[in-house]
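Here are a few friendly notes to read alongside the coordinates.

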Amino acid sequence: MWFERTKNLLVKLAIELPIIQAPMAGGATTPALVAAVSNAGGLGSIGAGYLSPNDIRIAITGTRALTNKPFSVNLFVTSSIKAKHIQVATINRNLDVYRKELHIQQVSDTADYVDLFKEQLAVVLEEKVPVFSFTFGIPSPEAIKILKDNNVIIMGTATTVNEGLQLENKGCDIIVAQGSEAGGHRGSFAGGFRTSLIGTMAFIPQLVDAVKIPVVAAGGIMDGRGLAASLILGASAVQMGTAFLTCPESGIHKKYKLAILDSTEESTVVTSVFSGKPARGIKNRFIEEMEVEQDNVADYPIQNTLTQDIRKEAAKQNRTEFMSLWAGQGTRLSKEKFAADFIESVISEAKKILNTCSRNL
Ligand SMILES: Cc1cc2nc3c(=O)[nH]c(=O)nc-3n(C[C@H](O)[C@H](O)[C@H](O)COP(=O)(O)O)c2cc1C
């Protein structure tokens, strides 16, 4: 019953259903979640952006122990950065207020970032992962070539038509179109983030018209209605993040899950204060207070490194007011279902809608 373009994508990815569980770095995408999605016929994805090469291998092995179906690994396209000491000192002074409340000491006064993309990608290739996805930029032509030489399917993230065209021209096989409703970091890399906040409803048809490769819709899609609407707008499949965060298999903190289940369409904001890169999450005290210090926020990933101890300790102490609670605008629709049951409900609802539409038109 799927559209021809959806069928083509399912064949390409060797999966049965047009649902991709979003890669979500930071602990959500456990082997249990990724495998459950793939076993249910979708595409599970390991969010490996923050993982060391060795931990990526462990995550892949752990997932393979639970499924023999295809899944993807996702990385961040970043570069090494040396932090400016003066700026780091100023930011740390602001952050010390929170460290004091959490009874922790500042660990280091440097925040240099060493890019591990090459080493991380080497593991993806060695482990023969069939699908590789990325965000925050475009990998080098050498990286794209080696992925293609190894028959890996390449999925890039775009937040504008311009970015989608660049991904297509550089050799990507599939574009994940991230609308402004999306939870987590904005994947924008070619324009200002404010002008790249295009809603999924407006973005998908414009991108579909501009490119020849398949488009996957992401951002605010929480149920069968979102899937059906995305397919009608021209997407070949959907990528859902927030909807999977509240599954029992997801690895996020229990208080973070509760915050999602308690929140509404008005709860989230796009902020750079946690990581230095705009990301959508549930508004809390850290965001509200640090937004005033906007000028003292370092670029990604320096800010991310500087706030890491606070976020980790806050999680240990169950203090959501200092945790990054990434989530999209669809949180009111969140459920606590096992991934397989959730996928089943999304597919049956979408099928019902699409069948009714075709009968009545
Ligand atoms: C907690 C969280 C972490 C995320 N981490 C990543 C990531 O590591 N890589 C990536 O490409 N996208 C990441 N995203 C964005 C998703 O790929 C996707 O665009 C988004 O979840 C779609 O919107 P939704 O959350 O409303 O479903 C993340 C999203 C969330 C909610």
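1. A definition first: two residues are in contact when heavy atoms lie within 4.5 Å. On that basis, among contacts in the protein chain with a separation of 6 or more, 68% join residues 24 or more positions apart. Please keep in mind that this is a predicted model.

2. On secondary structure, the protein chain contains 14 helices together with 11 strands.

3. A compact globule of 361 residues would have a radius of gyration near 21 Å, and the protein chain agrees because its value is 20 Å. Along the principal axes, its C-alpha atoms fill a box of roughly 60 × 45 × 40 Å.

4. Turning to burial and surface, 56% of the 361 residues of the protein chain count as buried.

5. The core deserves a look in your viewer. The largest nonpolar core has 107 residues, and Ile19, Val73, Leu121, Phe132, Leu227, Met240 and Phe244 have the most contacts inside it. Helix 14 (residues 339-360) gives this core its largest share, seven residues.

6. Which residues is Val73 in contact with, leaving aside neighbours within four places in sequence? They are Ile46, Ala48, Ile56, Ile60, Val124, Val129, Val131, Phe132 and Ser133. Of these, Phe132 is also listed with Val73 among the residues that have the most contacts inside the largest nonpolar core.

Definitions and conventions:
Residues numbered from 1 in each chain as written. Predicted model: local features only at pLDDT ≥ 70, side-chain atom pairs only at ≥ 80, totals over all residues. Heavy atoms only, no water. Helix = DSSP H or I, 4+ residues; strand = E, 2+ residues; numbered from the N terminus. Rg over C-alpha atoms; globule rule 2.2 N^0.38 Å. Buried < 20%, exposed > 50% of the residue type's maximum accessible area, 1.4 Å probe, protein only. Core = buried A, V, L, I, M, F, W, Y, C linked by side-chain atoms within 4.5 Å.
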